[in-house]
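Please look over the structure shown here with the briefing that accompanies it. The notes are grouped by topic and are meant to be read alongside the coordinates.

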Amino acid sequence: MAKNLLIVESPAKAKTIGSFLGKEFLVKSSFGHIRDLVKGNHAVKVDQGFAVTYAVPDDKKALVAELRKLARQAELVWLASDEDREGEAIAWHLQEVLELKEAKIRRIVFHEITKPAIIAAVANPRRIDKDLVMAQQARRILDRLVGFELSPLLWRKVKPSLSAGRVQSVAVRILVDREREISAFRPKAAFRVNGWFQPPSAHKAGQTPFKTELTRRFDLEEEVGIWLQKAVQCKWSVKAVETKPVTKSPSAPFTTSTLQQEASRKLRFGVIKTMRVAQRLYEEGHITYMRTDSVNLSETALEASAQAIRLSYGEQYHYRRQFKTKAAAAQEAHEAIRPTDFGRPRLPDLEKDQQVLYELIWKRAVASQMAEAKLEKTSINLSTSSLSEEFVAEGEVLLFDGFLKLYLESVDEDTQESNEDDQNKELRLPALRQGDITPVDRLLATQRYSRPPSRYTEASLVKKLEELGIGRPSTYAPTIGTVQERGYVERTQLEGYERQYLVLEQKPSTNLLKQTLKEITGADKNKLRSTDIGMLVNDFLLLHFPGVMDFGFTAKVEEDFDRIAEGQLDWIKMLDAFYQPFHQTVTKATEESERINGERELGMDGGMMYSVRMARYGPVVARINLKEPDAKPQYAKLKAGMIMEQLNLVDVLDLFLLPRTLGEHEGHGMTVGVGRFGPYIKWSDLFVSIPKEDDPLTLTSERAVELIIVKQQIIAAKLLKDFPDSGIQIIKGRWGPYLTRDGENFRIPKGVDVESASEAQCVQWIEQSPPPQPGRFASKAKSKAPLKAVSKPVTKTSAKTASKTSVFKSKASTKPKS
């Protein structure tokens, strides 16, 4: 047995570190946390000073027993979990669970997994930092208390099975506010005028007309038309030429949030994917620790980057600089995310995702130590004595590329101005002098509409959270993942709609030319948008818990955690100051608040009253005939992309065009309807889901037949045997064949030959099958209908969501209902 036992969180990390240390060290992995708060609402005893009860999960007990045995045999136990609060807490839990005495443990931390860093860490151990541990525990306790008190309240007042979190609720509020900004936005049209002018004859050889933009906007078509006709006849000349040097500086090396933002812009990575790939790069020793808010580079990194720049680009491209972190709570002792070896811009043995992210990190870190780019910016103003308006042309000429030779930071989509504004700034303008005559080549007025604020991407939401001081590097990705998993936020897939706009063109000696063109507006893909349930929960929490939902208050809580970590604030006092008023508010809201479902009347049409509300399985539109007192309401699901509070009467009338008949196929009628799980085709006793790319209102009979045939093929592949007289079928299931009859499923005894099974044997197996026990298995026992009448066909989409909808399926009949 080795004298030293070194414990890390992950097997990959253990493998890398193990290769650096000799035989005296045995490196093992704890596979993350080895214990957590017990389940239920008894984990935290508020009246006993927030005493907590931890438990080792069943799947970790064997591992804990192994580590405990190895720890007894070792002379020293080295705890090498990550250097953040989470890692410190893991080290503390290991000490507690393995019953390690203080004299026997050594706590080591490192920013990178390289041999020099590991050797240096072993040479400089320290004790477990209890302040960091308590800061992490305080966060865990606070989030557990908030979740366990708010969630039951939401079940009673909004909708069953909801949950709420402290940081997640504030993130949802940001998205709800943005969605309502977009909904309230009304575009305004204005004409932007561009002019193309000929350089003076002395400079004309080989030059094309140069583009300018008018400093004025016009609201009306008639107004801009008259102006163009006047302007084309005017004598335009150069009023002023201004040329000045401009420099551009590189961005700082990556922090967690800037890496997530740039990976989203350049690589189209989500924040969770970015962190997963970065984790592997770190564990394999290719980059430094990826959860950091520092932009600091170590002296070793500065020297290594300088050497790499001089070798690849020359001395003139190097410029040493040290960035300072703006965040007050940032730890400058930590480093920015950087490569561990600046001499390796590419690592050919990596997987594709790892390779592109590594190159991004390498380029950003190296570029941060390169010289500024030098440009010459030229601005030209054209004027005429006949009109007060002026045309302006701007251009930039790159004199020295500097860091731009390697890297340029991307930007988020501009929320107000068109990207066309910057199209000409990298162009060289003709050599002009004040007073030069520039004849008009052509004038173009284009109608443009103002644009609403952009929806957040995952990356821009991270940026917003960081700006507000909400969350920390380790919480951004989990927060964004959680709000999507809970159904409060979704990724947009909006196709947009067609819109017309006008273009007026005026050339010398010709009539004004008018064109009506079309563009697609409102299209949005993979942006974050709050859902109907997200809006309802947000409004309820904002009404009854304005403090918890306040951005400033949430940021202050994060600052309190930082102060606990620094030993400046007692964690029990901090929790007590938060919890007591919070608990009183929960009690008051439980007793006094009313249940909300967002119900709203949309209006009357043909004697029918239409309304929208949140039902048990999602938002629905209801209509009822007010002329018939005993009439029951009819319900329709909202179409994809619809938001409850944005609907009007016209929007929902088409929802009641279903069910509709498509004709016949093989002697049976085909009907298109919509149920709890979405639109479907009913043919004979078969129900077929309609894919998202097909519109049930315009679905053709030919397309319906195609979908039916595909469904029949799926059934044929799964149906092993069919006994029509008894209604028994043998089905090929995910975990082997099983019996089904009248919507109930039954096990087949192990070791039997299914292919030779008779109907009598199947009846015997069913009779001998034990009755389903209450609980999870019982709910699944009736979750599948016979394959001849499937309530939710097995498709790629439904297969992925099957586990999430098992509760609904257990209560559903074989026929979809509205």
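What follows covers a set of paired strands and then two individual residues.

The model is a predicted one. Strand β14 (residues 440–449) pairs with strand β9 (residues 189–197) and is also joined to strand β16 (residues 497–506). Among the residues described below, Lys 159 is buried, whereas Leu 626 is exposed.

**Strand pairing around β14**

- Strands β9 and β14 run antiparallel to each other and are connected over 9 bridges, and within this pairing Ala 190 has Arg 448 of β14 as its bridge partner.
- Strands β14 and β16 are likewise antiparallel, with 4 bridges joining them, and here Thr 446 stands opposite Val 503 of β16.

**Lys 159**

- Lys 159 belongs to the loop that links α5 (130–157) and α6 (166–184).
- Although Lys 159 is buried, it forms no salt bridge, and the nearest side chain of opposite charge, that of Asp 532, is 11 Å away.
- The side chain of Lys 159 does, however, reach the backbone oxygen of Arg 616, at 3.3 Å.
- Leaving aside residues up to four places away in sequence, the contacts of Lys 159 include Ile 533, Arg 595, Met 614, Ala 615 and Gly 618.

**Leu 626**

- Leu 626 sits in the loop between β21 (618–625) and β22 (634–637), and it counts as exposed because its relative accessible area is 52%, where the cut-off is over 50%.
- From C-alpha to C-alpha, Leu 626 and Leu 655 are 19 Å apart in space, with a separation of 29 residues in sequence.

Definitions and conventions:
Residues are numbered from 1 along each chain as its sequence is written. This is a predicted model: local features need pLDDT of at least 70, side-chain atom pairs count only at pLDDT 80 or more; totals for chains, interfaces and linings use all residues. Side-chain values use heavy atoms; hydrogens and water are left out. Two strands pair if DSSP finds at least two bridges between them. Buried means under 20% relative accessible area, exposed over 50%, partly exposed in between (1.4 Å probe, protein chains only). Lys and Arg count as positive and Asp and Glu as negative; His and the chain ends are not counted. A salt bridge is a side-chain nitrogen of Lys or Arg within 4 Å of a carboxyl oxygen of Asp or Glu. A polar contact is a pair of N or O atoms within 3.5 Å; within protein, one must be able to donate a hydrogen and the other to accept it, and residues adjacent in sequence count only if both atoms are side-chain atoms. Contact means heavy atoms within 4.5 Å.
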